[in-house]
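Work through the exercises below with the sequence and the structure at hand. Try each task before reading its solution.

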Amino acid sequence: MSANMTSHRHEKKSIALSMTVQLALVLIMVGVVLYAVLFTTYPPVHDFFHELRHSMLLIPCH
Amino acid sequence: MSNEQRVTRDEGRVRWGAAVMLVLCMAGAASAARIEFRSEPDFSAIEPVHHSGNAPARYTLSVVDDAGRPIPVARVKYTLLSPPVNAFFTSDFPIVEGTTLMEGDAFLADGTLSWEYLTPIRGDYRLVVDATPGFGAAAFAPVHDEIRYHVNEKASNIRNGVLLMVILFGVGFVSGYIIVRPRTIRPAIALVVLALVSDSAMPPPASAHGGHEHHEVAAAPAPGGVTKGDSAQLALSFDPPSGTVGKLVTIRAVATDPDSKPLANVRFTVRLHHLEDDKDMYTSTFVAPDGTFTWRNQFFDGAEHQIIVTAAPVESGAFTPVTAAYTMDVEAICPPDNVVARMWTFHMAIVVAGMACGAFATRRSRRSAAEGGI
């Protein structure tokens, strides 16, 4: 039986990312959000967050 | 030497001595002037503009004698310089840093010049003043003074800035803690939740900097050129005709009679009105003995401004006041890339620091747990 049994090798591949990649992804995500909200000069976004930027301490606006 | 010659020589010496004493007295009186500069509210209470509805502060420049009395009919040339560029941190108007905000040459009919002004940014301002006697004024030695005053950042801005740093550090700390520790939950899902939570914790944006809102100024007169009144006319000219943030615009006003002859003793009232925010950025009154005044100003906000100038006689009844206006486009300048990069990097460094602390905290707790299990 054991000979007839096809040994199935179930290979479990981990889909979890490495620690470094995860940290990098978090940094990229935070960096993009931060730039979009507080630093981009794209007019529609700039105009929307304009008062927020002026209410901050170290955010250049004009 | 005869007695007559001796008397004549003595009289001459007395006269010379009297003349020398008179000159010395005049020199002593001529060096008595000094410059005073004050604000209302006090300098420590003035905050930058920030589109927040702050009322302009009122500044008063005086040329006074030793007793503190304003010297009538003095002439002052003054230059207001913005705070210098900071090597590490920026204000919200980086283009304005290290520039000249205004230059003026005015006669102080009563020894004082006042203006109301919305200050653009925090920092150390410098007002350079040169005062000389005006025509018909009591003589005084020219005075040069450099006045420095500090404008504090708004307390709410400091609070918001610190809050942002705390949030960024917290995001970094939690993400570092979760990612480095042994996985009990899916980190990706946790981080997405974390990002959404941190984003919602940010202060909500206030009303937008609308690019096409129009605010009507009540009774706004016709713009530019020569405005003709009943008994006087007022010509405004601007160089350049449109403003740019960081650069001065020369504003010149000439008041003449209907025959284009300059009027004497004209009191000009100048008002700079921010059309988008519907508020006055600057207001002042200049006295021009020759009917002409020239003033240079930097429009530090890239939005349309209306410049309203009224010419009125110093002595009432000499002519009918006339008002002219001009709508000036001001080109906004984006912050320099190096400034944006520097500040973005600074804030990201806070996130990285948080991550490092979170990772360190995880490893430390893991080590403690491992030692406890031995």
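## Exercise 1: A loop residue

Lys247(B) is exposed, with a relative accessible area of 55%. The model is a predicted one.

Task: State where Lys247(B) lies in chain B, and which residues outside its sequence neighbourhood are in contact with Lys247(B).

Solution. 
1. Lys247(B) sits in the loop between β10 (243-244) and β11 (248-256) of chain B.
2. The cut-off for an exposed residue is over 50% relative accessible area. At 55%, Lys247(B) is therefore exposed.
3. Set aside the neighbours within four places in sequence; Lys247(B) is then in contact with Asn297(B), Gln298(B) and Phe299(B).
4. Ile95(B) is 152 residues away from Lys247(B) along the chain, and the two C-alpha atoms are separated by 9.4 Å.

## Exercise 2: Salt bridges

Task: How many salt bridges are there over all chains? Describe those of Glu103(B), Glu153(B) and Arg148(B).

Solution. 
1. The count over all chains comes to nine salt bridges.
2. Glu103(B) forms a salt bridge with Arg296(B), and their closest N and O atoms are 2.9 Å apart. This pair links distant parts of the chain, with Glu103(B) in strand β4 and Arg296(B) in strand β14 of chain B, 193 residues apart.
3. Glu103(B) has 24% relative accessibility and so counts as partly exposed. Arg296(B), at 29%, also counts as partly exposed.
4. Glu153(B) and Arg122(B) meet through their side chains in a salt bridge of 2.5 Å, N to O. Glu153(B) is in the loop between β7 and α2 (155-180) of chain B, and Arg122(B) is in the loop between β5 (112-117) and β6 of chain B, 31 residues apart.
5. With 10% relative accessibility, Glu153(B) counts as buried.
6. Arg148(B) forms a salt bridge with Glu146(B), the closest N and O atoms being 3.7 Å apart. Arg126(B), Glu146(B) and Arg148(B) are linked in a network of salt bridges.
7. Arg148(B) is exposed at 60%, while Glu146(B) is partly exposed at 36%.

## Exercise 3: Backbone angles

Solution. 
1. Most residues other than glycine have a negative phi, and most peptide bonds are trans.
2. The bond from Glu40(B) to Pro41(B) is cis, with omega near 10°. Pro41(B) lies in the loop between β1 (34-40) and β2 (57-64) of chain B.
3. The bond joining Asp239(B) and Pro240(B) is also cis, with omega about -5°. Pro240(B) is in the loop between β9 (233-239) and β10 of chain B.
4. Ser260(B) is in the loop between β11 and β12 of chain B, and Asn265(B) is in the loop between β11 and β12 of chain B.

## Exercise 4: Buried or exposed?

Task: Is His273(B) buried or exposed? Which side chain does it make a polar contact with?

Solution. 
1. His273(B) is found in strand β12 (residues 266-274) of chain B.
2. Buried means under 20% relative accessible area. His273(B) has 6% and is therefore buried.
3. Its side chain makes a polar contact with the side chain of Asp278(B), at 2.9 Å.

Notes: Residues numbered from 1 in each chain as written. Chains lettered and ligands numbered in written order. Predicted model: local features only at pLDDT ≥ 70, side-chain atom pairs only at ≥ 80, totals over all residues. Heavy atoms only, no water. Helix = DSSP H or I, 4+ residues; strand = E, 2+ residues; numbered from the N terminus. Buried < 20%, exposed > 50% of the residue type's maximum accessible area, 1.4 Å probe, protein only. Polar contact = N/O pair within 3.5 Å; in protein donor to acceptor, adjacent residues only side chain to side chain. Contact = heavy atoms within 4.5 Å. Salt bridge = Lys/Arg side-chain N within 4 Å of Asp/Glu carboxyl O.
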